[in-house]
Amino acid sequence: MKILITILLATALLATNAIAEPAKKVLIVVSNKVDMGDPEKHDARNNLWEFAPPYHIFISHGFQVDFVSPKGGKVEFMMEPLGISSYTIKHEGFLEKANSSFSPDEIDPNDYWGVFIGGGYGVMFDVADNKDIHSIISSVYESGGVVGVGGHGAAGITNVTLSTGEFLVKGKKVAGFPNSTEISKPWAKQGTLLPFFIESQLNKNGALAQNKQTLKDKHEVVTDQRIVSTMFLPSAALVAKDMIILNGL
């Protein structure tokens, strides 16, 4: 009888600890920008198709998701809510979460196993130079976490520095929106409205920037030392999937 009671007590204690253990969370970084600040007001909103699919992947695998933006609060998205983007808006609370984004000072990096940054040009203007968000990213990474980026989202990690003073991207293969595509598109006047080119900035800070010449498949997902990245939006959900696999969750 004493043995049975001991087993029951131990089982109850384990169950209590399991319930008390906080769920693993991932942090999605979004921009507060709406336009590029030029007279024609070129679109700089977050790209829905680069944020909603990864959000769905995280949620459907049982993870909690928070959003952070430089100013906190409401953020804007471009692109129509089609397919999985429509589903996650209607059934998984995507917009409610995104529009309640935290400001950096409300975030404890210790709460998160990973950080994801999608595209849309806004990240280049208000995340790429935001030291508070950089500090969160470096803290998560140095604690063994995973960092995922897609498209222009790579701008959000190009200038992040670690506690050693070295750039996060130094010595790592990272895919971001490539120069060759940027200069061929009118979205930012062939890149003339941008503060920098992502591929160039990655290389400048010591990364091994991947592009259409180095990758056989332009939609390939690249993983190097807990940084998961891709050049273009069709693979955003795959970045989220590989982040989960990489962290063994």
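## A buried ring pair

Phe 177 and Phe 232 are both buried, meaning under 20% relative accessible area, where over 50% counts as exposed and the range in between as partly exposed (1.4 Å probe, protein chains only). Their ring centres are 5.5 Å apart and their planes stand at 85°, so this is an edge-to-face pair. Rings of Phe, Tyr and Trp (its six-membered ring) pair if their centres lie within 6.5 Å; planes under 30 degrees apart are stacked, over 60 edge-to-face, and the rest tilted. Phe 177 sits in the loop between strand S7 (173–175) and helix H7 (179–182), and Phe 232 in the loop between strand S10 (227–230) and helix H9 (236–246), so the pair ties together parts 55 residues apart in sequence. Helices (H or I, at least four residues) and strands (E, at least two) are DSSP runs, numbered from the N terminus.

This is a predicted model, in which local features need pLDDT of at least 70 and side-chain atom pairs count only at pLDDT 80 or more, while totals for chains, interfaces and linings use all residues. Residues are numbered from 1 along each chain as its sequence is written, and side-chain values use heavy atoms, with hydrogens and water left out.

The whole structure holds 11 aromatic pairs. Ring pairs join Phe 51, Tyr 55, Phe 58, Phe 63, Phe 67, Phe 77, Phe 94, Trp 113 and Phe 116 into a cluster.

## The nonpolar cores

What is the size of the largest nonpolar core? It has 43 residues, and those with the most contacts inside it are Ile 117, Ile 137, Ile 157, Leu 168 and Ile 198. Such a core is a set of buried Ala, Val, Leu, Ile, Met, Phe, Trp, Tyr and Cys residues joined through side-chain atoms within 4.5 Å. Among the elements giving two or more residues to this core are strand S1 (25–29), strand S5 (112–117) and helix H6 (131–142). The largest share, 5 residues, comes from H6.

Apart from this core lies another, of 25 residues, including Tyr 55 and Met 243.

## Strand S1, covered on both faces

In S1, 5 of its 5 residues are buried. Lys 25, Leu 27 and Val 29 lie on one side, with Val 26 and Ile 28 on the other.

S1 pairs with strand S3 (residues 64–68) in the parallel sense over 5 bridges; two strands pair if DSSP finds at least two bridges between them. Here Ile 28 has Phe 67 as its bridge partner. S1 also runs parallel to S5, joined by 5 bridges, and Val 29 stands opposite Ile 117 in S5.
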